[in-house]
Amino acid sequence: MSRIPELTPATMNPEQRRMYDSIVGGKRVQGRSASLTTEAGGLRGPFNPWLHTPKIGDAAQAVGDLLRFHGELPGTLRELAILVVARHWRSEYEWFAHARIGLKEGMSEQAVADIKQKRCPADATDTERAVYTFSRELLEQHHLDDATYSAVHQLIGDSQTAELVCLLGYYGLVSMTLNTFQVALPDGESVDW
């Protein structure tokens, strides 16, 4: 059970309702295998906690929308990095959501399983291996050595390297939100580390 009350359309103030409408009317709901809303009509994931601070929450969800749907990183690299963040934070909801998205984006089941075990995917391309190493090193050591930075930078360039750092930071925020408020997985779902 979440540590923060679930807001539903009937209990939202106008600012919260604008944020809610932008989420449920956006790209996040297209092609989802799991509902973005609860049976009561509230939002799942980090969005319900963020509704409690709608000015900040709406800005945060807008950054997520930009990273997921308008960024330059290919979907497989984006989802690989998100899964590294989810695993680092042991964020069950983030893992639940993005393992599925990663498969849709073309990641193999083995790659997802390897990341879950904190291993670089055995079937990783050179670019995927570089992004995996970059992500783990930055999250765990809080810095990057020159070789790790150069390996990614040479493969994806300035813009995508900057985007990768933003992606890692944003999904760290998502994971902290999910973990702090103990956001529950949908009924019947589980994540075993």
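A surface patch is made of residues with over 30% relative accessible area and no salt bridge, where like charges are joined within 9 Å and nonpolar side chains (Val, Leu, Ile, Met, Phe, Trp, Tyr) within 5 Å. The model is predicted: local features need pLDDT of at least 70, side-chain atom pairs count only at pLDDT 80 or more, and totals for chains, interfaces and linings use all residues. Residues are numbered from 1 along each chain as its sequence is written, and side-chain values use heavy atoms, with hydrogens and water left out.

**Surface patch**
- Trp 89, Leu 173 and Met 176 make up a nonpolar patch with about 250 Å² of accessible area together (Shrake-Rupley method, 1.4 Å probe; for residues, only the protein chains shown count as cover).
- Met 176 belongs to helix α8 (helices are DSSP runs of H or I, at least four residues, numbered from the N terminus).
- Met 176 has a relative accessible area of 38%, so it is partly exposed (buried is under 20%, exposed over 50%, partly exposed in between).

**Contacts**
- Beyond its neighbours within four places in sequence, Leu 164 is in contact (heavy atoms within 4.5 Å) with residues including Leu 73, Ala 81 and Val 131.
- Thr 161 lies in α8 and is buried, at 4% relative accessibility.

How values were computed. A salt bridge is a side-chain nitrogen of Lys or Arg within 4 Å of a carboxyl oxygen of Asp or Glu. Helices (H or I, at least four residues) and strands (E, at least two) are DSSP runs, numbered from the N terminus. Buried means under 20% relative accessible area, exposed over 50%, partly exposed in between (1.4 Å probe, protein chains only).
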